[in-house]
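Please have a look at the sequence and structure first.

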Amino acid sequence: MIVRKPPMGWNSWNTFAADIHEKLIFETADRMVADGYLDAGYEYLVIDDCWSLRERGEDGRIVPDPEKFPHGMKAVADYVHAKGLKFGMYSCCGSLTCAGFPASYEHEFLDAATFAEWGVDFLKYDNCYKPMEENDPKLYRRMGMALANCGRDILFSACNWGADESHKWIKETGAHMWRSTGDIMDNWASVKSLIEQQAGIWQYNGQGCFNDMDMLIVGMYGKGNVGLGGCTTEEYRTHFSFWALYGSPLMMGCDLRTVNDECREILLNREVIAVDQDEAYRQPFYLNAMHNDGTIVLCRLLEGGDVAVGLFNMTDSPRRISLTLGDIGINAASGKALLMRDLWKHEEVGRLTGIYRTPELAPHASMLLRCRVVDR
Ligand code: GLA
């Protein structure tokens, strides 16, 4: 199985943690279709940790918790598939999952076969409770082999949080995406920290195996499992812009049944999603990396010759940020200019022929532009 663009979908962990059940999954599947998420590209619906009983069954298989999933997992997969979505589940390379449920150590092939029987299309594979004598590359390789030989296409989402320099070996394991950062929390400090953690390893992102900066917190506003403090709508926009420029998988984490209109618009912004899903998958580059004034200008060359530019005010006071034609790589003698389009406002900003200064950006606010080379 070859995965050519950063996977998109929804995952239960950020908001619901252990509070998951069939009805929630069915209602989320309904919302993903009815509210346009599937059409926008969000195709995987993933159940994270806490879906099983505490003990394996007599046949050695993991048993879905009958109170949470009274009709079993095949029925859940069938419902999700009938909606045109794909179905994801979760396990871990140690003997227990991070929340203490049975995990796949020494059961890799059996579990992969079980997931395949249920109709699973995506497996998130975590990193807790590993025997001391084992090492991560080996354990992730094992599940990679088991999935590749289970008779069904199952996307392998490795989740070892970027530990043990996993950027150096994770592609060996057959992973299609890999968690390159620690766990996200729903607050600005966490978003900022993940952005910084990602900066040194973005060159490992690319077709076939994508750097995963963790699930989105857009729309949580402090509610739910990782809702520690919450963000403002403006901070969610900045968070989403960064994930798109970095080309990260986009896995939503809010309650889609109650998300407000502003955040729904953020998640469904096709122009921003197109930056994330751009088929060239080039790494971004800084024009200024967290300058002494606390701003970031991050660019990404897109297929076809356009360039996406994010201008970010990471500080706690208002800022204006400058962008020059020369910095982006166009010299004055070329006779060229850049036509700038604001991807959040869906409108042209003007032509960049020399220097552009943004309007005053509020603390943690940003602009995301798509620039096209035109004659001056
Ligand atoms: C780890 C992962 C999270 C989530 C939890 C579940 O912390 O990084 O994304 O899957 O485990 O217990």
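A disulfide here is a pair of cysteine sulfur atoms within 2.5 Å. By that rule the structure holds one disulfide. Before we go on, note that this is a predicted model, in which local features need pLDDT of at least 70, side-chain atom pairs count only at pLDDT 80 or more, and totals for chains, interfaces and linings use all residues. Residues are numbered from 1 along each chain as its sequence is written, and side-chain values use heavy atoms, with hydrogens and water left out.

**The cysteines**

The bond joins Cys98 and Cys128, with 2.1 Å between their sulfur atoms. The link is right-handed, at 95° about the S-S bond. It connects distant parts of the chain, 30 residues apart: Cys98 sits in the loop between strand S3 (86–92) and helix H5 (108–118), and Cys128 in the loop between strand S4 (122–126) and H6. Helices (H or I, at least four residues) and strands (E, at least two) are DSSP runs, numbered from the N terminus.

For accessibility, buried means under 20% relative accessible area, exposed over 50%, and partly exposed in between (1.4 Å probe, protein chains only). Cys98 counts as partly exposed because its relative accessibility is 31%, whereas Cys128 is buried at 15%.

Cys50 is buried, with a relative accessible area of 5%. Cys371 is in no disulfide either, as the nearest cysteine sulfur, in Cys299, is 7.9 Å away.

**The ligand**

Cys98 also belongs to the ligand's surroundings, along with residues including Trp13, Tyr90, Asp126 and Cys159; a residue counts here if one of its heavy atoms lies within 4 Å. The table lists polar contacts, meaning pairs of N or O atoms within 3.5 Å.

| Side chain | Distance to a ligand oxygen atom |
|---|---|
| Asp49 | 2.7 Å |
| Lys124 | 2.7 Å |
| Arg179 | 3.3 Å |

Taken alone, the ligand exposes 310 Å², and the protein buries 93% of that (Shrake-Rupley method, 1.4 Å probe).

**Tyr140**

Finally, Tyr140 lies in helix H6 (residues 136–148). Tyr140 is buried, because its relative accessibility is 0%. Leaving aside residues up to four places away in sequence, Tyr140 touches several residues, among them Asp126, Cys159 and Trp169, where contact means heavy atoms within 4.5 Å. Asp126 and Cys159 are also among the residues that surround the ligand.

Note on methods: A polar contact is a pair of N or O atoms within 3.5 Å; within protein, one must be able to donate a hydrogen and the other to accept it, and residues adjacent in sequence count only if both atoms are side-chain atoms.
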